[in-house]
Every structure is written in structure tokens, then in C-alpha cells.
Amino acid sequence: MQDLTDEILELIRRAATDLPPDVEKGLRAALENEAPGSAARGALETILKNVELSRANSTPICQDTGTPIFYVYYPEGWNTRKLRAQIETAVVQATQRSYLRPNSVDSLNGKNSGNNLGGQHFPSLHFEEVEGEALTIDLMLKGGGCENVGAQYSLPNSQLGAGRDLAGVRKVVLDAVHKAQGQGCAPGILGVAVGGDRGSSYYASKEVLYRQLDDTHSNPELAALEQRLTEESNLLGIGPMGFGGATTVLGTKITSLNRLPASFFVSVSYMCWAYRRRRMVWRDGQASYS
Ligand code: SF4
């Protein structure tokens, strides 16, 4: 089997140091929406300057390089045990080169492993066999600050007056954004999963963050809710880094999963402005990145 360690290292470098074009475009549009001389505009100017410098110097976009979350879609015949080993080796090398900060800490004694490895779940790896010849690896670096303000709701929620329908979904998502305030490093991007069990719901709320910021949901009802949630979040006035202003959220992405009749979970994964996600496709012996 092909050794992809070098290619995966390059994927990590790109994710950590080069913000995707759709995200940068969203940040630039947000900048134009903020009043000249405002703290919000100043924050976005600093963020964008930082994005340019990080790209030019191959240095991390943010000091917290987050949890590396890999989604691997592999064709028949690939060995996931070997792929895991290659990904882990690439993660160690990326840490040595300072693309990643050593972030993996033993929860019981606080000891940092120093290389971003740690048990079965750090880095976070998900494998799925797919049709065809191409192997695709998606990588997201999910910062701690924004992860801390993620939330899961079990509907109905009487406190928020949220029932088991899309109106209820709207209420709890706005509640999550309001509670996050500036702590999620706004402007954020909302990954929302409706349904599933608690585990699959959170998983899907992160997976949906791989969609492009400017795409439109194929389901018109969910497309309308995505747009409405973005607009209403931006009316909360939290603004970039919580400084107030017009842009609290750059976009909202929703997915829905089947659920048990007894349960109705809504999971919100809040992604910060440092929306680091990159894709590598390995086809015909060559890697391409986007
Ligand atoms: S939440 Fe995001 S932008 Fe804020 S410190 Fe963490 S990784 Fe950096």
C-alpha cells in the first residue's frame, strides 16, 4: 500500500496555515459590513492581516491549532490500520515543524504528550469505505475556545419554548449563539445536526462544516432556515470577537439524521473564524488539495 505520510503532512500544513478561500472571502465581506473605525472592523482587519501573514510564512493561523479531526473516505483494498499509522506519523512531524502546537493532554494528570498523539481518539479519526478509486482525506482543526461553546439540546425544551420542529430548532440554535457571546471567537460558523443519538448528532454537526460557506442546502426548508439563522444571529450584536457589530456568524450549515421517536436532539458545533479545513484527494498516484 502507498505510503501517504508526506502528502498528509502537506495537508496538515495547508490546514493550519492557509485559510480556505471561501472563508477568507466571507471575512472580507464581513469587513465591508462593519462601520469604519469600529472595534469590529479593527478586529476583522487584524484577523485578515494575520491570515495573510500565516499563509506567506507557513505559520499557524491561530496559536491554538485545535483538535485534528480527520475524515477518511477510502476505496476498497486500503488498510485503515496502516492509514491510521501514516496519519499519526504525519501529525507527529507536523508538531515537530510547529504547524501544530502540542495540544494532546492526559485528562487525568494534565500531562501533555508533546506530539499531538494520545490514545484512540487524539487525533480524531473517522474511516468510511467508498466506491471508486480515489481516496479522500478531509481535515479540520477545531479550536478549543469554539468547541467549548458548542451545545446540545434535547427537545422539547420548556425553558426556551422550543418544540420538536424547525421552529424549536431555530430557538435553541439562537440560544447557543447568544450564550457563546465572544468566547467562540466570532464571527463563527454554525454546524447544526437535527436528530440522531447524542453521539451521531455531534459527529454530524462537525461533518456538515465541510460544506462550502456559500453553498445552498438542497432542501428548501433547511436552506431558508440556514439563511434565517445567520441573519438573526447577526442581529444579536455580539460581533467579531464579541466587540459588537454586524457580523456574529458567517454562515449556518444544517443536516438532519433519523432519530428514535423518543428523542429529538439538536447539536450545535460552533466553529470560530479560524475555520481551518482542507481536503486531499489521492488519485492515480497523485495528491491534489483544496
Ligand atoms: S476559538 Fe479559534 S480563533 Fe479562538 S483561540 Fe481557539 S482556535 Fe483560535
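On a 1 Å grid over the protein atoms alone, a pocket is an open set of points where a 1.4 Å probe fits, with protein on both sides within 12 Å along at least five of seven lines, and its lining residues have an atom within 4 Å of a point. Grid points are joined across faces, edges and corners, and a volume is the space filled by probe spheres set on the points.

The model is predicted: local features need pLDDT of at least 70 and side-chain atom pairs count only at pLDDT 80 or more, whereas totals for chains, interfaces and linings use all residues. Residues are numbered from 1 along each chain as its sequence is written, and side-chain values use heavy atoms, without hydrogens and water.

Select Thr67, Ile69, Ser124, Glu147 and Lys206, which lie nearest the centre of the second largest pocket among its 15 lining residues. This pocket holds about 210 Å³ of space.

Next, display strand 1 (67–75), strand 2 (124–130), helix 5 (144–148) and helix 7 (198–207), each of which supplies at least two lining residues; helices (H or I, at least four residues) and strands (E, at least two) are DSSP runs numbered from the N terminus. Helix 7 contributes the most, with four residues.

Colour domain 1 (5–15 + 61–143 + 276–289) and domain 2 (145–271): each gives at least three residues to the lining of the second largest pocket. The domain bounds come from an automatic or database domain assignment.

Of its 23 lining residues, select Leu213, Asp214, Thr230, Leu250 and Gly251, the closest to its centre. Finally, show helix 2 (21–33), helix 8 (220–234) and strand 6 (249–256), which each give two or more residues to this lining; helix 2 gives the most, with six.
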